[in-house]
Amino acid sequence: MTGSMPNEAPGHALVALPLAQGLPVDEVGATYAIGDVQGCFDDLLRLLDRIDFDPSVDRLWFTGDLVNRGPNSLGLLRFVRGLGHAAVCVLGNHDLHLLAAASGALTFGKKDTLASILEAHDREELLFWLRHQPLLYHDERLGFTMVHAGLPPQWDLATAKARAAELESLLQNPAYEDLFLHLGPRKPWRWRDDLAGWDRLRYIANCFTQLRWCDAEGRLDLDGERRKRKGARRSRPWFQVPGRASQGVPILFGHWARLDREGLGRTGPGKLLVHPLDTGCANRGRFTALRLEDSRYYHVRCRNEALPWAEG
Ligand SMILES: [Mn+2]
């Protein structure tokens with residue numbers, strides 16, 4: 001069944017709807033932000049059919065994690081790359097995982113469904129394209145910013161752009177593979193302006209591609225455990241931290257397919273202007289597109305054969 005429910009937030013009644021942009025969508029095409037696809041290429045094609053996507057005039061924004069868990073990451077990568085300027089994608093943790101595996105820094109686990117990419121005749125072109133995608137994308141005309149995971153509370157938009165550019169410049173450098181020896185869910189947990197070297201880049205990568213929870217002082221809580229431990233600092237979803245410097249910036253993000261169940265709690269975010277788009281495509285959930293010009297949501301029910309443990 002294809003369930004289409006326009007003008008409905010993806011199950012997060014507490015999240016403010018985006019600003020009504022009121023921009024035209026017919027003559028100049030439209031821009032659709034799409035949540036984590038994770039190799040579910042067939043579901044993406046059905047969603048594109050649902051929105052009547054026209055690559056000659058419309059644009060697609062992807063929240064990252066194009067690959068892994070789903071059944072056809074290779075076909076999906078070829079398709080999105082082939083869209084050229086009609087597609088924008090930010091990098092997610094699974095995308096970095098693929099690049100790390102390709103560099104030899106790690107081996108695949110049993111949940112990974114990425115081997116076909118590394119065996120493909122066009123693997124070098126695909127991986128080159130992937131590592132030239134940004135960690136943050138901002139569009140002045142539409143007024144939206146997109147990241148895969150989140151932003152720590154001490155970064156405003158200008159700071160976040162600068163931090164993303166630091167990591168992007170390394171990923172696009174011929175010596176980029178060294179990076180993958182230094183990434184992972186490890187210290188430093190807290191941002192300082194004088195962080196340097198791999199520690200600085202690891203913190204930046206963890207924010208853009210892994211962050212869900214952090215505390216009021218900006219300590220990353222990548223496993224979301226501190227909120228459960230007695231006496232520990234209370235972590236919150238990154239977008240609910242009081243005083244967050246990026247407040248007021250409309251932010252699109254993915255990475256948190258279980259946000260409905262565990263992210264929002266009882267603290268209503270009010271007009272936070274954050275728009276979670278990972279509605280669990282790789283977890284037999286729904287697949288969501290948000291048309292940015294007029295804030296209209298589109299959904300299809302996922303049918304993919306993704307593995308049952310897929311998440312985030
Ligand atoms: Mn993710």
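**Helix packing and an open sheet**

In this predicted model, helix α2 passes helix α5 in a left-handed crossing. Leu 77, Arg 78 and Arg 81 make the contact from the α2 side, and Leu 126, Trp 129 and Leu 130 from the α5 side. Classified by type, this contact comprises four nonpolar and two charged residues, with no polar ones. As for geometry, α2, residues 73–82, and α5, residues 123–131, pack at an angle of about 60°, and their axes are 10 Å apart.

Let us stay with α2. Which of its residues are buried? They are Ser 73, Leu 74, Leu 76, Leu 77 and Val 80. Viewed down the axis of α2, these buried residues lie within an arc of 165°, so they line one face of the helix. Their packing partners are α1 (41–50), β2 (59–62), β3 (87–89), α4 (115–118) and α5. Just after α2, Gly 84 adopts a positive phi of about 60°.

I turn now to the sheet. Four strands form an open sheet in the order β4-β5-β9-β10, and the pairing is mixed. Strands β4 (136–139) and β10 (274–276) are at the edges with a single partner strand each, so one side of each has no neighbour in the sheet. From one strand to the next, the twist averages 20°. Helix α6, residues 157–171, packs on the sheet and touches β4 and β5; the direction of α6 makes about 135° with that of β4.

Finally, β5 (144–147) and β9 (251–253) pair in the parallel sense over two bridges, and Thr 145 has Ile 251 of β9 as its bridge partner.

Notes. Residues numbered from 1 in each chain as written. Predicted model: local features only at pLDDT ≥ 70, side-chain atom pairs only at ≥ 80, totals over all residues. Axes fitted to C-alpha atoms, helices over the stretch in contact; angles between N-to-C directions. Left-handed = near helix turned anticlockwise from the far one by under 90°. Contact = placed C-beta atoms within 7 Å. Nonpolar A, V, L, I, M, F, W, Y, C, P; charged D, E, K, R; others polar. Buried ≥ 20, exposed ≤ 12 C-beta atoms within 10 Å, placed from the backbone. Arc of directions from axis to C-beta. Pairing = 2+ DSSP bridges.
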